[in-house]
Amino acid sequence: MMTGKVIVLGVTGGIAAYKAAELVRLFVKGGAEVHVLMTASARQFVTPLTFQTLSRNPVHTDLFNCIEEQEIGHISLADRADLVVIAPATANTIGKIACGIADDLLTTTVMATKAPVLIAPAMNANMYMNPLYRSNEERLRNHGYLFVAPVKGMLACGWEGEGKLQDPAIIYQEALSALTGKDLYGEKLLVTAGPTREELDPVRYLSNHSSGKMGYAIARAARRRGAEVVLVSGPVCLEPPYGVKTIKVVSAAEMTEVALREFAAATMVVKAAAVADYRPEIRAEAKMKKKGASLTLALTQNPDILAEMGKIKEERILVGFAAETAALVQNALKKLREKNLDLLVANDVTQEGAGFSVDTNIVKILCRDGSIEDCPLMDKELLADIILDRILAVRDQKRGRESE
Ligand code: CTP
């Protein structure tokens, strides 16, 4: 997604300038060609050599540099950019851009480019709340400039509040999003992810090995592609995706309640969660004490959320997952039909590189019309986009049928 893209990264003069080094690293790792522009103030904080080393390209600093003008030229950088990112962006630079001032290399490039511009502000909390700054930001937003809001925290100036540069990993995700077509715009996607925990007593529970990585990757990819995403997540160790409404739940009963509530507004549903099929019949109020050599637990069946959704799905597109250890296609086809699904993503979790915990997966995507697509070993991030492509194909097929 980032491969071969030309990113022009503007670094302005704030203490967070050093964090832009990590951003350059992420862009380069993602396969982008990175050109860094530094303002004079930025050079007070970090040397151009840092960015030159990381980007493997010369760093541009002056508007009127004979050598640079001959070799590259500020206009040609503006033309070549697929995306301009400014991180950190000071109130001063944002104010200048909002007023159409182009008095240095960065503001001139921003003025001249036709590429999207993504701004990651970082400043003192009071400056960030200043009505003059706010109106500049609003003005730029109205003109289509994209922003990644800063976060709250302890600022270098000693104040606590909003103004800390957003995490470079999130700025990177937002840059990816700016480069991605919005083919899911207007869709409301509900994703469930992770395991559920069924408590036996205050210290023990029954659960499974689901890491939530597949569901989270789908939520991120769908947000990037313009969908409004709600993620209902069991207990996992993952950061909630930026820009996604994430609702944390613990038990299957909680997941049922929340998922069915959110289902009402959804146009598409992907149920990647590994819901526990059973819960203990009784949850002990106090810690259970050991008694004898063996213990028999009485379990009660949990509701099948996906099957419930299948009964009331109407025009929604419903996608299930199946984690199998044997007779993959046979079991998966049964689930597809019985739960009234449009697509089913089946994985044999005994295969190396597939299923729980790992970053990759090997799946078969089963369609209602009986077709089966083999997806070889690949990163879950990549697979997420393939699953979304197949969902779009189902949507377009349904729409085509309606208009006939
Ligand atoms: N699912 C669900 N609610 C449950 C159990 C499963 O919504 N109580 C959903 C999962 O999110 C997944 C699909 O159903 O999308 C298949 O889950 P899986 O555990 O593979 O299958 P089960 O239907 O539970 O059947 P079995 O455990 O017998 O394989």
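How far does a backbone N or O atom of Ala273 lie from an oxygen atom of the ligand, and what is that distance in Å? It lies 2.7 Å away. The model is predicted.

**Around the ligand**

The ligand is surrounded by 14 residues. The closest are Lys271, Ala273, Asp277, Phe321 and Lys339. By class, this shell holds eight nonpolar residues, one polar residue and five charged residues.

| Residue | Distance to a ligand oxygen atom |
|---|---|
| Ala273 | 2.7 Å |
| Leu306 | 2.9 Å |
| Ala323 | 3.3 Å |

On its own, the ligand has 560 Å² of accessible area, and the protein covers 78% of it. Two or more residues of the shell come from each of these elements: helix H13 (305-311) and strand S16 (317-324). Strand S16 gives the most, with four residues.

**A look at Ile97**

Now to another site. Ile97 sits in helix H6, which spans residues 91-98. Is Ile97 buried or exposed? Its relative accessibility is 9%, so Ile97 counts as buried. The cut-off for buried is under 20%.

Which residues does Ile97 touch, leaving out those up to four places away in sequence? They are Ile86, Thr107, Val110, Leu140 and Tyr145.

Pro202 gives a sense of distance. Ile97 and Pro202 are 105 residues apart in sequence. In space, their C-alpha atoms are 56 Å apart.

Key: Residues numbered from 1 in each chain as written. Predicted model: local features only at pLDDT ≥ 70, side-chain atom pairs only at ≥ 80, totals over all residues. Heavy atoms only, no water. Near = heavy atom within 4 Å. Polar contact = N/O pair within 3.5 Å; in protein donor to acceptor, adjacent residues only side chain to side chain. Areas by Shrake-Rupley, 256 points an atom, 1.4 Å probe, with all protein chains shown as cover. Nonpolar A, V, L, I, M, F, W, Y, C, P; charged D, E, K, R; others polar. Buried < 20%, exposed > 50% of the residue type's maximum accessible area, 1.4 Å probe, protein only. Contact = heavy atoms within 4.5 Å.
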